[in-house]
Amino acid sequence: MVPDAPRLLRADAARNAEKIIRAAREVFAEQGPDAHLDDVARRAGLGAATLFRRFPDKAALLRAVLDQRFDEHVQPVIQAAAHDPDPAGGLARVLAAALESVAGDYNVLAAARAAGVLTPATGEEFFAALDVLLARGQAAGVLRTDLVPDDLHRVVVMLVSVLWTVDPGEGGWRRYLALVLDGLSPAGARPLPCPAPALRTRTP
């Protein structure tokens, strides 16, 4: 039987892309925004031409790295939270998974920010999932009902900003996540002083 050449070529291209993405995460984690794509190609054991055929620039490669990390480390937690009998606990685990992923890829995120990858659209899938989890928790009476999705979006941005002020490897962000989670609870909640302001889109 003659091998299916196009199918084999596609499989080979997929393997090469996986090697490049894994190598990129390692190189950017070590070197941060100053990492060179030639170093990524060498780490992957491939030629630079192979890398550039799949990822034409640093931004495209970093987007692929972030997408893979989300799919592997955050998306499964979101899926589990959607069916968790404890909606507040499910939301807490999603936020923890997201922050842990960001903390583990601190230098990768710095490189992505420098390359202009972190746009308002970057977190759309994640924030859409949070909206669903928020509504589920409010319906169950375990999250305060005066929260709107924009509130939770801003809370995530605030929590991520903490990572730029602490050693990301020490887990200090967990302290601030615990404080925020207490604020999301209806227990002892005081009325919020004003409606949620409109989100302002800003180019990073």
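A residue counts as buried when its relative accessible area is under 20%. By that cut-off, 38% of the 204 residues in this chain are buried. The model is predicted. It holds nine helices and zero strands. Its C-alpha atoms fill a box of roughly 65 × 45 × 30 Å along the principal axes.

**Overall fold**

- Along the sequence, the pattern reads α-α-α-α-α-α-α-α-α.
- Among contacts in the chain with a separation of 6 or more, 71% join residues 24 or more positions apart.
- Gly 183 and Arg 42 are 141 residues apart along the chain. Their C-alpha atoms are separated by 47 Å.

**Nonpolar core**

- The largest nonpolar core contains 55 residues. Phe 28, Val 40, Phe 126 and Leu 130 have the most contacts inside this core.
- Eight helices are named as sources of at least two residues each: helix 1 (5–31), helix 2 (37–44), helix 4 (58–81), helix 5, helix 6, helix 7 (124–139), helix 8 and helix 9.
- Helix 4 provides the largest share of this core, with ten residues.

- Asp 105 sits in the loop between helix 5 (87–104) and helix 6 (106–114).
- Its relative accessibility is 2%, so Asp 105 counts as buried. The cut-off for that class is under 20%.
- Beyond its neighbours within four places in sequence, Asp 105 contacts Arg 25 and Arg 69.
- With Arg 25 there is also a polar contact between side chains, at 2.7 Å.

**Second largest pocket**

- The volume of the second largest pocket is about 260 Å³.
- Its lining consists of 15 residues. Leu 147, Asp 151, Val 155, Met 158 and Leu 192 lie nearest the centre.
- By class, the lining has eleven nonpolar, three charged and one polar residue.
- Helix 8 (149–162) and helix 9 each supply at least two lining residues. Helix 8 gives the most, with four.

**Helix 9 and the segment after it**

- Gly 183 is found in helix 9. Its relative accessibility is 37%, so Gly 183 counts as partly exposed.
- Pro 186 lies in the segment after helix 9 (173–184). At 36% relative accessibility, Pro 186 is classed as partly exposed. That class runs between the buried limit of 20% and the exposed limit of 50%.
- Pro 186 touches Gly 141, Val 142, Leu 143 and Arg 144, with residues up to four places away in sequence not counted.
- Pro 186 and Gly 141 are 45 residues apart along the chain. Their C-alpha atoms are separated by 7.7 Å.

Notes:
Residues are numbered from 1 along each chain as its sequence is written. This is a predicted model: local features need pLDDT of at least 70, side-chain atom pairs count only at pLDDT 80 or more; totals for chains, interfaces and linings use all residues. Side-chain values use heavy atoms; hydrogens and water are left out. Buried means under 20% relative accessible area, exposed over 50%, partly exposed in between (1.4 Å probe, protein chains only). Contact means heavy atoms within 4.5 Å. A polar contact is a pair of N or O atoms within 3.5 Å; within protein, one must be able to donate a hydrogen and the other to accept it, and residues adjacent in sequence count only if both atoms are side-chain atoms. On a 1 Å grid over the protein atoms alone, a cavity is a set of points where a 1.4 Å probe fits but cannot get out, and a pocket is an open set with protein on both sides within 12 Å along at least five of seven lines; lining residues have an atom within 4 Å of a point. Grid points are joined across faces, edges and corners, and a volume is the space filled by probe spheres set on the points. Ala, Val, Leu, Ile, Met, Phe, Trp, Tyr, Cys and Pro count as nonpolar, Asp, Glu, Lys and Arg as charged, and the others, Gly among them, as polar. A nonpolar core is a set of buried Ala, Val, Leu, Ile, Met, Phe, Trp, Tyr and Cys residues joined through side-chain atoms within 4.5 Å.
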